[in-house]
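Open the model in your viewer and keep the selection panel at hand. The tour goes from one chain to the contact between two.

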Amino acid sequence: MKNIILKNRYTLLVVTLVAYIGVLVAEGAITGREVRVFEFENPFFDFNVNNFEGFRESRDSDDSRSDSGQDRGENRGENRDDSRDEDSGDV
Amino acid sequence: MDRFAIVQFYALLRREVLEHRNLFIGAPAVVALLILVATFWVAMQIDETQLAEGLSYISVLFDGLSPFDMAPFFMLLAIPFMLTLYICSVIYLINTLFQDRKEMSILFWQSMPVSNLQTVLSKVFTIVIVAPIFYVLIIFAMYLIGMILLTILGVSNDVDLVGIGWMFLAAIASLVLIYFSALVTSLWLLPSIGWLLLFSAFAKKTPLLWAGGVFILVGFFEDFIFGTQYLANWVQSRAANPNQYLIFEFQSLVERIFNYETLFGIVVGSILITGAVYMRRFTD
């Protein structure tokens, strides 16, 4: 066993890293170390990677609430594009 | 431990300090010099009456107060030194075993009556125990020069200097906090020390790239094989908040040194340091 571990520098590195990760994972599992969570605290929205679905749903509901206002803007944009097309057609 | 082993270890420590004087003595001395020059320059810019008022204010502020209570004020001055110590430690750790192989001086040291374990432990001991001593001594010298300057300024401006004496005592007390902060930081970050030493002993070229690259790869593998992110969590929990290892009050000294996180850091660091010890046998 010792001969295999100390065969060359790469086997030794792999064994050391496996022991390192093994201890970390075991300790993490025993103590219940929390999974990394990205939480952005800001006044505009709540974002949590663990609850990504919830974030998407809340964003969709926000979008539908502001749909009417956006439509008006889009229509204005479309009209402007149309008029630009007409202008370019004339030229 | 017999006397010969102690002498051997002392010789190894002395070798480390002599070979890396720039990192352990030169770098903090330059920082101290810069702070002194900057302070002196600012003092020269201020009007004499304002300077006298400032001095008397400082004197009143510290007069009669316990130096141990006022010591944390001086931790602010130590921040540039702590940052310098961290940067110099990374440079030292990533190069020390790599340089030995590059220069082939490893062959000389392996022919001496010292084991790989003693050599690697001397490097860890240098960073954890010895380097902070030099930093604290240089900070002490800086405080001493600063106090002499303040005293001269105070005498020339007819300011009552009793409070300056109290301030000096608080500054001295802060040196203990600075030393133990550096010590606890080293123990807390012992896995990082072990990691850098392992790759310093392993890499044939560019050890820093190896250390950084493998760290990222290991994180990916952990996520891929176990489906967990304990490594990333653990690193994040260690590195994210310096308040965990900086000591600002004497009451929390023992608690900061002997707690689960520090002791677990020592255990994990020991695995990597053991790897570095065995890795040192590959001299090519």
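Helices here are DSSP runs of H or I with at least four residues, strands are runs of E with at least two, and both are numbered from the N terminus. Keep in mind that this is a predicted model.

**Stop 1: chain B.** Select chain B and colour by secondary structure. You get 13 helices and zero strands. Along the sequence the pattern is α-α-α-α-α-α-α-α-α-α-α-α-α. The C-alpha atoms fill a box of roughly 70 × 45 × 40 Å along the principal axes. Of the 284 residues in chain B, 32% count as buried. Now draw the contacts in chain B between residues at least 6 apart in sequence: 87% of them join residues at least 24 apart.

**Stop 2: the side facing chain A.** Show both chains. Chain B puts 21 residues into the contact, and chain A puts in 18. Which helices of chain B each supply at least two residues? Select α9 (190-202), α10 (207-225), α11 (230-239) and α13. The largest share, seven residues, belongs to α13(B). By class, this side of chain B has 15 nonpolar, five polar and one charged residues.

Show side chains next. From α2(A), pick R9(A), L12(A), T16(A), A19(A), Y20(A), V23(A), L24(A) and E27(A). From α13(B), pick F264(B), V268(B), I271(B), L272(B), G275(B), Y278(B) and M279(B). Colour by class: eleven are nonpolar, two polar and two charged.

Technical notes
Residues numbered from 1 in each chain as written. Chains lettered and ligands numbered in written order. Predicted model: local features only at pLDDT ≥ 70, side-chain atom pairs only at ≥ 80, totals over all residues. Contact = placed C-beta atoms within 7 Å. Nonpolar A, V, L, I, M, F, W, Y, C, P; charged D, E, K, R; others polar. Buried ≥ 20, exposed ≤ 12 C-beta atoms within 10 Å, placed from the backbone.
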